[in-house]
Amino acid sequence: MSAASQARRLRDLSELEIVVLERGGFTSYSACGIPYWVGGDVRNRDALIARTPQEHRERDIDLRMRTEALEIDIAAGRVRALDRESGTESSLDYDKLVIATGARPTRPPLPGIDAPNVHGVQTLDDGQALIDTLETTSGTRAVVVGAGYIGVEMAEALLQRGYDVTVIDRGVEPMSTLDPDMGGIIREAMRGMGIQVESKTEVTEIRTAPDGRATAVITETAEYPADVVVLGIGVSPETGLARAAGLPLGEFGGLLTDAAMRVRGHENIWAGGDCVEVLDLVSGRQRHIPLGTHANKQGQVIGSGVGGGYATFPGVVGTAVSKVCDLEVARTGLREKDARAAGLQYVAVTIESTSRSGYYPGSAPMTVKMLAERYTGRLLGVQIVGREGAGKRVDIAAVALTARMTVEQVTQLDLGYAPPFSPVWDPIQVAARKAVTAVRTRH
């Protein structure tokens with residue numbers, strides 16, 4: 001819808017007809033807000049909706065809800081579609097095609113995975129189904145499978161609703177988007193909140209009762225009773241249509257595009273959002289990073305191209321921030337495994353600091369890990385775990401990464417200082433100073 005809206009800003013109905021097919025029941029909503037709606041921080045579903053279908057239609061966008069694209073015929077310039085309510089099929093010709101099919105949640109083929117109280121959390125419909133289960137379930141035992149962003153956010157949401165929460169994850173530590181040493185800090189903090197965390201644990205089955213409802217999550221070594229199960233195992237690009245049409249896909253299964261978000265080799269086909277791979281500006285490699293911030297920006301770029309204008313999407317540095325209760329977690333750039341995979345020699349340093357001057361009330365600890373290229377000192381990545389005031393500090397590092405700054409240059413940034421906001425040396429700069437020393441020592 002970002003692409004459709006931008007294209008409409010540039011061209012009116014007499015110049016450009018825009019048809020949108022959406023197989024779900026909602027448009028233009030914040031999927032990132034679903035855990036906070038489930039947890040009660042957001043009071044109602046409509047608060048997550050930025051623009052309704054009717055509002056889009058009032059802007060001359062022919063939006064067809066609960067209509068699923070079944071096939072793309074590139075040679076004919078045609079899309080075959082199904083009205084999911086009436087069951088009727090239709091064909092639509094196109095001059096310009098935009099593919100924004102998003103990502104699909106990972107749902108392993110385990111016994112019991114389709115039980116009615118086993119929930120993925122990807123769409124507003126998913127969120128509503130989970131809330132309906134929580135409001136009609138008498139038990140208070142919840143198991144979350146997976147400890148990525150969605151997993152830890154859903155653990156918080158269920159904890160806030162009074163559930164006894166167990167998180168089961170096959171990774172070494174929670175939050176595999178961080179290095180394991182930083183994930184270990186998160187694990188201990190979650191346990192301190194009352195969340196049971198089982199790492200390096202593989203789920204083998206979801207046990208069900210005679211009525212078909214899940215009653216327990218089974219692993220190779222234990223059984224965890226469950227009145228509700230939430231899946232937070234991750235997502236993969238939803239590119240089945242694109243694959244069948246013969247469009248180019250990358251290593252992670254996402255569509256490959258140029259800087260203007262055109263699908264490579266196809267002048268009149270664009271793609272964006274969770275179904276594409278993007279350029280990592282730090283490593284120079286293609287990655288799949290499903291985030292709403294990227295999708296919105298890519299939609300603007302696509303809409304400009306479709307509407308006859310020009311814009312490009314340069315790539316990303318991989319910035320993300322999340323929280324579980326009062327613990328803030330942030331990362332940008334490369335982890336150690338990413339740096340090794342890219343063939344980069346690096347140094348890694350970790351420091352402990354505080355969110356404010358130590359003597360100022362409310363000062364909270366934070367841990368910052370920083371990676372720098374071994375000989376050049378170029379900043380490669382930053383990870384932060386801490387309390388209030390920790391998470392958004394990652395934006396300093398994101399800008400520095402985009403500018404390809406060295407850690408020595410980061411130490412000289414003119415950052416704002418006052419005791420209520422930071423120590424004299426901001427934690428990012430404390431880490432950068434230590435990284436400078438490590439680079440010089442290794443050199």
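The structure is a predicted model, in which local features need pLDDT of at least 70 and side-chain atom pairs count only at pLDDT 80 or more, while totals for chains, interfaces and linings use all residues. Residues are numbered from 1 along each chain as its sequence is written, and side-chain values use heavy atoms, with hydrogens and water left out.

I begin with the chain as a whole. Its secondary structure comes to 12 helices and 24 strands; these are DSSP runs numbered from the N terminus, with helices being H or I of at least four residues and strands E of at least two. The radius of gyration, taken over C-alpha atoms, is 23 Å, close to the 22 Å that the globule rule gives for 443 residues, so the chain is as compact as a globular protein of that length. That rule is 2.2 Å times the number of residues to the power 0.38. Along the principal axes, the C-alpha atoms fill a box of roughly 65 × 60 × 40 Å.

Of the 443 residues, 48% count as buried. Buried means under 20% relative accessible area, exposed over 50%, and partly exposed in between, with a 1.4 Å probe and protein chains only. For contacts (heavy atoms within 4.5 Å) between residues at least 6 apart in sequence, 60% join residues at least 24 apart.

I turn now to the cysteines. How many disulfides does a search of the whole structure find? The search finds 0, a disulfide being a pair of cysteine sulfur atoms within 2.5 Å. For cysteine 32, the nearest cysteine sulfur is that of cysteine 275, 16 Å away. Seen from cysteine 275, the sulfur of cysteine 32 is the closest, and at 16 Å it is too far for a bond. Is each of these two residues buried or exposed? Cysteine 32 counts as exposed because its relative accessibility is 52%, whereas cysteine 275 is buried, with a relative accessible area of 0%.

Finally, I consider two backbone positions. Arginine 66 is not a glycine, yet has a positive phi of about 50°. This arginine lies in the loop between strand S2 (62-65) and strand S3 (67-73), and its 32% relative accessibility makes it partly exposed. Cysteine 325, also not a glycine, has a positive phi of about 55°. Cysteine 325 sits in the loop between strand S20 (320-324) and strand S21 (327-333), and is partly exposed at 22% relative accessible area.
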